[in-house]
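Below is a short report on selected features of the model. Please read it beside the sequence and the structure.

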Amino acid sequence: MALLELKGIDAFYARIQALHGVSLTVDRGEIVALIGSNGAGKTTTLRTISGLMHPAAGTITFDGRDISSTPPHRVVQLGICQAPEGRRLFQRLTVQDNLEMGAYSRRDRGGIRDSLEKVFTLFPRVKERRHQLAGTLSGGEQQMVAISRALMANPRALMLDEPSLGLAPLIVDTIFGIINEINSSGVPILLVEQNAVKALDVAHRAYVLETGTIVQSGPGKELAQSEEVQKAYLGI
Amino acid sequence: MSSATVARPRPGPRRGRIRIGRFTLNLRDRDTVIYLALAIGALAFPTVADFVTGGAGGSIVLLAADAGVYVLLALGLNVVVGFAGLLDLGYAAFFAIGAYTYALMASGALFHTPLHHAIHIPFWLLLVVGVMIAATAGALLGAPTLRLRGDYLAIVTLGFGEIVPRVFRNAGDWTGGINGLSALDNPVLPYWVDGPWAGVGEQFGIVKDLIFSVANPTAWYVLMLILVGISVVMLNNLRKSRLGRAWMAIREDETAAQAMGINTVSTKLLAFAMGAATSGFAGCFYGAKLSLVSPENFQFQVSITILVMIVLGGMGSMPGVIVGSLTVYLILFKILPDAPNQVHSLLATTGFTAIDQPTGDWPGLGEFVSRLKFLLFGLILVTTMLLRPGGLIPSRAEIDVERAAKETSALGLEGAQG
């Protein structure tokens, strides 16, 4: 059984339907990419999983448990954490405070300290900057903090929303390297990206979302070879 | 010679620290220094006031006790506005609830209501009761409204701020209507403090001055200091707690806070309740000291004045809020009301009485100044905010963000990524 499973999800913003029967699964140990153009419903999919909005139809199960109508703070406690689109750091708190907020749902002080150590080895830059206010960091550093903050919850599944958005190519490479590293430590990742080349390269499996519907799915490398995907998203 | 005058750093890793038992004061910490200065100033104030006025400092000390009410209110609203970032325009409502709680439960007022029974609960107990009732009111208002964000929340709180005094005014059977309630009980020290062993009436009696009446401003002043002290310690601990950091996370980015697993509704509710609780404290003191509450004392203007104190002092910075509320209080209730008389006497002593005489449209300079009071107040506010946009004593975050912005623009790095 898949760790995270979406079945026939419909989601609305007021009366506008954003998702039409979206179904997808994320298994233990996987990187699953969700690609698609602007407005395809990628972020909406993540929002329904994290409980920031609730699906009008369909079910979301995590580890065999229905979380379709679970409030966001409960979803985090269950072990799904995300680095939201546009980083959304707490700008006027220090990096350290941001990381501690990431561990808000946890009470095990020792475990939190371990997570902090892990995050600091993963991102030495974040450690250097830990006493600085988050709002004063560069875009790449902020993205690193956003991912670190999500990791501080010790997630059983990590969701990353557009981690490469607005970053210089060199930094994008670093970020994707780290995504791989996090995954190889055993954390399954649901990755939402516009940068299809990078996403398909790193993902085990991928889904293509178009105007709220999944139009294609398969192993990342396979999708990268598919003609439609190449035309629409890879610019080949 | 030159080498001898070079200041050498004293040895030891703990320079600038004073240890008192378990507590360490770090004199290099800005906030510690400000708190220390405020505490010393507050303790010395009655003596200094007496000395400067030649033994007639009573009225000033009484005024200072009133200023303390505003300090409490500002500290409480700072939790809501400064920590949690929720704009509350009806804060005076909770102040009113605290004051009316005291008025009803510590006077003969309830005898004239359908209840026909006067209740006289001691002040000290009512402090706790008032806090709990105000906090409950905060939670009750918060529950349906805190799902709103930003401007919408401000409008709802504005409405609440109008409704509460109006209810007190119109429920005349219970609250005395427009006349309010008067002849409220004064606080009395419990017998185990106040008994013969306390040395009342004797020269060296510790608490001989702690009899709460209009004739004894020092008693009120000391009580106020204690209340402010308790509130500062409690709120400061709260600020540093898990809850305090959750408030700040919500202030910075509510959606991100939610995504981090913070239950934003209950966390915001707690901010509202804590803010309201502090104003319940202030309300009880206010009712007891004035021995009178009336709906006129809790108008919209009160809410706005408290908000001005916070913004002027530095939103989210507790020392800033204290200094801000004292400053605004001094300007609003001492300097500006006294200004016309000062002008009168100045003109009289310098011999320019002519421009103080009303002629035609000219009301005379003294009267003119008195008419311009609020224009002057506005000018002071605008100037202060232009000179110190983060407030008189900005919170640390504010300072760092400003500094970073300056550095980035100086290096031409604005908008640089990666």
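## Chain A as a whole

Of the 236 residues of chain A, 57% count as buried, where buried means under 20% relative accessible area, exposed over 50% and partly exposed in between (1.4 Å probe, protein chains only). Chain A has 10 helices and 10 strands; these are DSSP runs numbered from the N terminus, helices being H or I with at least four residues and strands E with at least two.

The C-alpha atoms of chain A fill a box of roughly 45 × 40 × 35 Å along the principal axes.

## Basis of the values

This is a predicted model, in which local features need pLDDT of at least 70 and side-chain atom pairs count only at pLDDT 80 or more, while totals for chains, interfaces and linings use all residues. Residues are numbered from 1 along each chain as its sequence is written, chains are lettered from A and ligands numbered from 1 in the order in which they are written, and side-chain values use heavy atoms, with hydrogens and water left out.

## Helix 3 of chain B

Helix 3 of chain B covers residues 58-83; at 1.5 Å a residue its 26 residues should span 38 Å, and its end C-alpha atoms are 36 Å apart, which agrees. The expected span is 1.5 Å times one less than the number of residues. Helix 3 of chain B bends by about 35° at L77(B), the bend being the angle between axes fitted to the seven residues ending there and the seven starting there.

Because 20 of its 26 residues are buried, helix 3 of chain B is largely enclosed by the rest of the structure. G85(B), with a positive phi near 70°, follows this helix.

R87(A) is not a glycine, yet its phi is positive, about 70°. It sits in the loop between strand 6 (80-83) and helix 3 (95-102) of chain A, and at 11% relative accessibility R87(A) counts as buried.

A183(B), also not a glycine, has a positive phi of about 55°. Its loop runs between strand 5 (181-182) and helix 8 (191-194) of chain B, and at 59% relative accessibility A183(B) counts as exposed.
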